[in-house]
Amino acid sequence: MGRSIASSAWVRRLRSAIVVARRGEDPEGVHQVRVACRRLTAWLDLGGRRVGRDDLKWLRDAAGPVRDLDVLLTRDVPPAMKRWLDREWKKARPALEQALDEPRALATVRLFENMGPLRSEELDMGALLDKAAKALDRVDGKAAHPEELHVVRRKLRPVRFALEWQKKDARAIAEVQDALGALSDAVILHRMTAQWGKDRARERALEAELRQLARAAIPTLPAIRATLKGLR
Amino acid sequence: MEVFLVRHAVAVADGAARTDAARALTKAGRKEFAGCVKGLEALDITFDALVHSPLRRAAETAELLVPLLDGRTRVDPALADRADGMDLSTIAGERTALVGHEPYMGQLASILVVGSSDAARRFAFEKGGVLWLQGTRAAPGAMEIVAMLPPKVLRALSSGRS
């Protein structure tokens with residue numbers, strides 16, 4: 001009989017992150033809710049399981065707007081934009097609190113606490129690798145669009161987590177993710193600056209920065225493809 | 001709209017898991033319910049929402065129903081608790097499956113068909129059994145019975161198809 005993989009460590013982290021996120025004093029709580037949800041989603045995907053996935057997505061989505069704003073509020077942005085971000089944060093926070101107070105939030109934790117471990121015969125990286133490869137195929141190698149590369153980074157994340165659940169070497173994927181990290185941050189900053197809509201010059205500067213980051217990322221694409229191929 | 005109340009399949013006995021909530025389906029229970037799913041398939045039954053209790057035996061039963069789902073799943077703790085605690089307005093799909101436990105499934109059936117949980121004992125759910133209801137909305141007394149599908153019948157339907 002092969003090794004089984006229990007999700008309990010990350011379920012415990014999700015439970016305590018929900019408490020910290022609900023208290024609202026430490027932004028790390030909201031961040032950890034999202035991280036734990038992503039880790040557990042990768043665990044389900046690795047085992048080809050579906051039940052629980054939509055609950056994690058619901059929780060992750062509920063925490064998303066506050067998390068994005070928490071990150072942007074630490075960035076060097078014009079004071080007027082910072083004030084706008086502050087106001088947006090105050091608008092987003094009650095929706096998150098409402099979600100965390102719903103019985104579904106705690107029930108999601110209970111659901112995972114009750115689940116059995118993944119059995120070795122359940123483990124299959126195929127679907128995760130397919131999704132990452134598909135995202136990679138969508139990237140135009142000559143004129144890479146920053147949003148497309150941002151999607152690649154997002155699709156590589158569950159691949160990395162699935163490897164880590166299996167205690168396999170995920171360094172190659174982690175390095176690519178780190179390399180694309182600045183681009184992903186810039187994508188979100190650009191998106192919010194455009195939503196703010198008060199500084200067109202800054203938007204243009206961010207667009208130029210994004211293009212540059214995307215161009216710098218293009219030469220790494222063949223290596224990502226090869227890494228994914230090697231994992232099959 | 002249609003609502004399918006499903007009692008979880010056969011699980012390991014009390015005491016065979018670290019908690020009651022962690023009781024898994026038995027190998028035979030899993031196999032038998034897979035046959036029930038085929039029976040539902042033979043009736044062309046599909047779901048656009050699949051709601052289940054957070055208890056392992058219900059979640060594992062729900063997982064076996066996933067091939068019939070074209071929509072989302074949702075955990076609802078009320079399905080492991082008193083049925084009169086369930087917010088019926090959350091049953092919003094056109095074809096929703098609810099996977100839970102006795103006596104709560106009987107209570108829920110009674111509420112939806114009769115208007116109160118008083119007749120719960122008349123809705124005797126076998127493990128893996130399905131009660132098929134229809135109505136204009138999921139509200140007390142607003143639904144009628146289409147069929148009670150015990151597991152034996154569902155499995156017979158599945159073998160009749162092959």
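Me: Helices (H or I, at least four residues) and strands (E, at least two) are DSSP runs, numbered from the N terminus; with that settled, in which helix is A:His190?

Reply: A:His190 is in helix H8 of chain A, which covers residues 171–196. Before going further, note that this is a predicted model, where local features need pLDDT of at least 70 and side-chain atom pairs count only at pLDDT 80 or more, while totals for chains, interfaces and linings use all residues. Side-chain values use heavy atoms, with hydrogens and water left out, residues are numbered from 1 along each chain as its sequence is written, and chains are lettered from A and ligands numbered from 1 in the order in which they are written.

Me: Ok. Does A:His190 count as buried or exposed?

Reply: A:His190 counts as buried because its relative accessibility is 17%, where buried means under 20% relative accessible area, exposed means over 50% and partly exposed is in between, using a 1.4 Å probe and protein chains only.

Me: And what does A:His190 touch, not counting residues up to four places away in sequence?

Reply: With that exclusion of residues up to four places away, A:His190 touches A:Glu203, A:Leu206, A:Glu207 and A:Leu210, contact being heavy atoms within 4.5 Å.

Me: Switching to aromatics: how many aromatic pairs does the structure hold?

Reply: Over all chains there are 4 aromatic pairs, counted when rings of Phe, Tyr and Trp (its six-membered ring) have centres within 6.5 Å, with planes under 30 degrees apart called stacked, over 60 edge-to-face and the rest tilted. A tilted pair is formed by A:Trp43 and A:Trp165, at 6.4 Å centre to centre and with 55 degrees between the planes. A:Trp43 lies in helix H2 (residues 27–46) and A:Trp165 in helix H7 (residues 146–165), both of chain A, so the pair ties together parts that are 122 residues apart in sequence. Both A:Trp43 and A:Trp165 are buried, and together with A:Phe112 these two residues form one aromatic cluster.

Me: Which residue lies over the face of A:Trp10?

Reply: That is A:Arg13, at 3.9 Å from the ring centre of A:Trp10; the criterion is NZ of Lys or CZ of Arg within 6 Å of the ring centre and within 35 degrees of the ring normal.

Me: Now chain B. In what order do the strands form the open sheet?

Reply: The 6 strands of this chain B sheet run in the order E3-E2-E4-E1-E5-E6, with mixed pairing, where two strands pair if DSSP finds at least two bridges between them. Strand E3 (69–75) and strand E6 (143–149) of chain B stand at the edges with a single partner strand each, so one side of each is left without a neighbour in the sheet. E6(B) pairs with strand E5 (residues 130–135) of chain B in the antiparallel sense over 6 bridges, and the bridge partner of B:Val130 in E6(B) is B:Leu149.

Me: Which strands of the sheet does helix H3 of chain A touch?

Reply: Helix H3 (residues 53–72) of chain A packs on the sheet and touches strand E2 (47–52) and E3 of chain B, its direction making about 65 degrees with that of E3(B). Axes are lines fitted to C-alpha atoms, for helices over the stretch in contact, and angles run from 0 to 180 degrees between N-to-C directions. Helix H5 (residues 103–114) of chain A also packs there, touching E2 and E3 of chain B, with its direction at about 95 degrees to that of E3(B).

Me: What about the largest nonpolar core, how many residues has it?

Reply: The largest nonpolar core has 103 residues, and A:Leu14 and B:Leu65 have the most contacts inside it; a core is a set of buried Ala, Val, Leu, Ile, Met, Phe, Trp, Tyr and Cys residues joined through side-chain atoms within 4.5 Å. H2(A) gives the largest share of this core, 10 residues. Not counting residues up to four places away in sequence, the contacts of A:Leu14 include A:Val33, A:Leu40 and A:Val109.

Me: Last topic, backbone: which peptide bond is cis?

Reply: The bond from B:Glu102 to B:Pro103 is cis, with omega near 10 degrees, and B:Pro103 lies in the loop between E4 and H3 of chain B. Also worth a look is A:Lys167, a residue other than glycine with a positive phi near 60 degrees. A:Lys167 lies in the loop between H7 and H8 of chain A and is exposed, with a relative accessible area of 72%.
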